[in-house]
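Reader: I would like to go through this model with you and ask what the labels rest on. Could you set each value against its definition as we go?

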Amino acid sequence: MKLKYLLAACTAFFLVSCSNDDELPQPPQHGDIVGLNIKNAKYVYASGANTRSSSAQYRQIKKDGRDMELSWIDSNGDTVRINDLSKIWDINKKYLMINTALDINYRPVPGDPIEQRVGGYSYLIDKKTEAIYDLGIGLDGENAITDNKENIYVTDNSTGSFLFKIHTQDVSNLKLELYAQTQIRDKIHFVINNKGTCFYGYRYIRPSYGTQQFIISNFIPQTEYGNAFVSHDNEDLYLTAVSGEYDSYKLVVSKLNEKQELQSQIMAEAELLDYWRISQPNDIQVKWNERRATMLINVYGRTYEYILATRTLTEISVNLNGFFNTDYSTYLTANALYARKSVDKLDIIALENYSIKELDLSSKGIDFRSIYTMEGSDLLYFAGFQYSTSQSVIGTIDIDGNVEITESTPNPITNIVQIN
């Protein structure tokens, strides 16, 4: 009897508590979040909501093929459902980066305003230990770069005009350094070599030592804006810009050398016969041709190829404007440039000889939801929906249009990240 009365009393107390606190934010009933159950994951994906009232679910596919929920790990060792995750990036072999709108260990207090950080909250996740580290600021990991000391360079998530360096040598005390910034409130464009020498904002150069800054005209005279790229081993940083005045212009490629001071060496030049002065800083665009080990440089509608081995710079006849224009959906693999024309058609330029062909995937019976590339791979990767099986699928496409399904799941996939 005593047990019966005790259960009744507990039930009554629970009902009263619910009726009083229904409209108040409730503190989480778990320990502090200390990790993410990401060990041995091959993919992380967001599974889209089936109704407007339900939220997206975050899931993962392990290397052994298991499809399971992506969850926080709390200080008690328990898994906790993720309700707030806006972005996830595969930064390098050691770390993931995630963004949330709220502090993952935020404890709501009735009556107090919700605490939010401009740009959100960013965390590094160690893939092996699953430990999570608060970076103290909202960051954008989309184009993060890692140097040879495993420092990570990434822009802020609010204005995009600040470049930060994350010193990762001491994981118990991660250091965040403001590395460079521009006055323009726009996403900063930056290129960094292994040493940490940085080209940013289409005109500024910051050496790996000290805090002194240079402008591109210090190394390529008679120019205001340009672009940069790194060598295959990421050791050397190259600048490329249009130099000249009036009716005499040339495209210049210069290599930066960092010893006791920052110097440059002109590597190649090409005369521009019908050049109109650049009106935008990003009118010079660069992309690697991995197959030929050359750099493609697009200057106001014309494309030039810089061959590092011979230090030559020549114009190529194939129109590659669409592959440099960020308004297009373009993908670069080790052997081809792909331009998405529709939901099932891609234009392909073979990097071996610049031949062009159209790839028609309409007969494959797959609605492609997400297309991406992996560094060093010849394949194009995708996630989509296969009508014949009514399954979400993950797979690859080769340069000849052959499609291979590598994974399938009944869960709808709206976004996917492949883990190195």
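Author: Gladly, and let's begin with an open sheet of four strands in the order β4-β3-β2-β35, where the pairing is antiparallel. The model is predicted, so local features need pLDDT of at least 70 and side-chain atom pairs pLDDT 80 or more, while totals for chains, interfaces and linings use all residues. Residues are numbered from 1 along each chain as its sequence is written, and side-chain values use heavy atoms, with hydrogens and water left out.

Reader: What makes β4 and β35 the edge strands here?

Author: β4 (67–69) and β35 (413–418) each pair on one side only. A strand is a DSSP run of E with at least two residues, helices are runs of H or I with at least four, and both are numbered from the N terminus. The twist in this sheet averages 30 degrees from one strand to the next; such angles run from 0 to 180 degrees between N-to-C directions, with axes fitted as lines to C-alpha atoms.

Reader: Why do β3 and β4 count as paired?

Author: Two strands pair if DSSP finds at least two bridges between them. Three bridges join β3 (residues 57–62) to β4, so the pair meets that requirement. The two run antiparallel, and the bridge partner of Ile61 in β4 is Asp67.

Reader: Which strands make up the open sheet of three?

Author: Its order is β1-β5-β6, with antiparallel pairing. The edges are β1 (33–36) and β6 (79–81), each pairing on one side only. Neighbouring strands of this sheet are turned by 45 degrees against each other on average, direction ignored. Between β1 and β5 (residues 71–74) there are three bridges, and Gly35 stands opposite Ile73 in β5.

Reader: What makes β31 and β32 a pair, and what lies between them?

Author: Seven bridges join β31 (residues 366–373) to β32 (residues 380–386), and the two run antiparallel. Phe368 stands opposite Gly384 in β32. Six residues separate the strands of this hairpin, and Gly376 in the turn has a positive phi of about 85 degrees.

Reader: Why is Asp156 called buried?

Author: Buried means under 20% relative accessible area, exposed means over 50%, and partly exposed is in between, using a 1.4 Å probe and protein chains only. Asp156 has 4%, so the label is buried. This residue lies in β12 (residues 152–156).

Reader: Which residues does Asp156 touch, and what polar contact does its side chain make?

Author: Leaving aside neighbours within four places in sequence, Asp156 is in contact with Gly138, Leu139, Asp140, Ser161, Phe162 and Phe164, where contact means heavy atoms within 4.5 Å. Its side chain also makes a polar contact with the side chain of Ser158 at 2.9 Å. That term stands for a pair of N or O atoms within 3.5 Å; within protein, one must be able to donate a hydrogen and the other to accept it, and residues adjacent in sequence count only if both atoms are side-chain atoms. The backbone nitrogen of Gly160 lies 3.1 Å from a polar atom of the Asp156 side chain.

Reader: Why is Ile215 called partly exposed?

Author: Ile215 has a relative accessible area of 29%, so it falls in the middle class. It sits in β18 (residues 214–215) and touches Arg203, Tyr204 and Ile205, not counting residues up to four places away in sequence. Ile215 and Ile205 are 10 residues apart in sequence and 5.8 Å apart in space, C-alpha to C-alpha.

Reader: What is the phi of Asn40, and what is that of Glu150?

Author: Phi of Asn40 is near 65 degrees, a positive value in a residue other than glycine; for Glu150, also not a glycine, phi is positive and near 70 degrees. Asn40 is in the loop between β1 and β2 (41–47), and Glu150 is in the loop between β11 (139–146) and β12. Asn40 is partly exposed at 46% relative accessible area, and Glu150 counts as partly exposed at 47%.

Reader: How many helices and strands does the chain have, and what share of its residues is buried?

Author: The chain has two helices and 35 strands, and 45% of its 420 residues count as buried.
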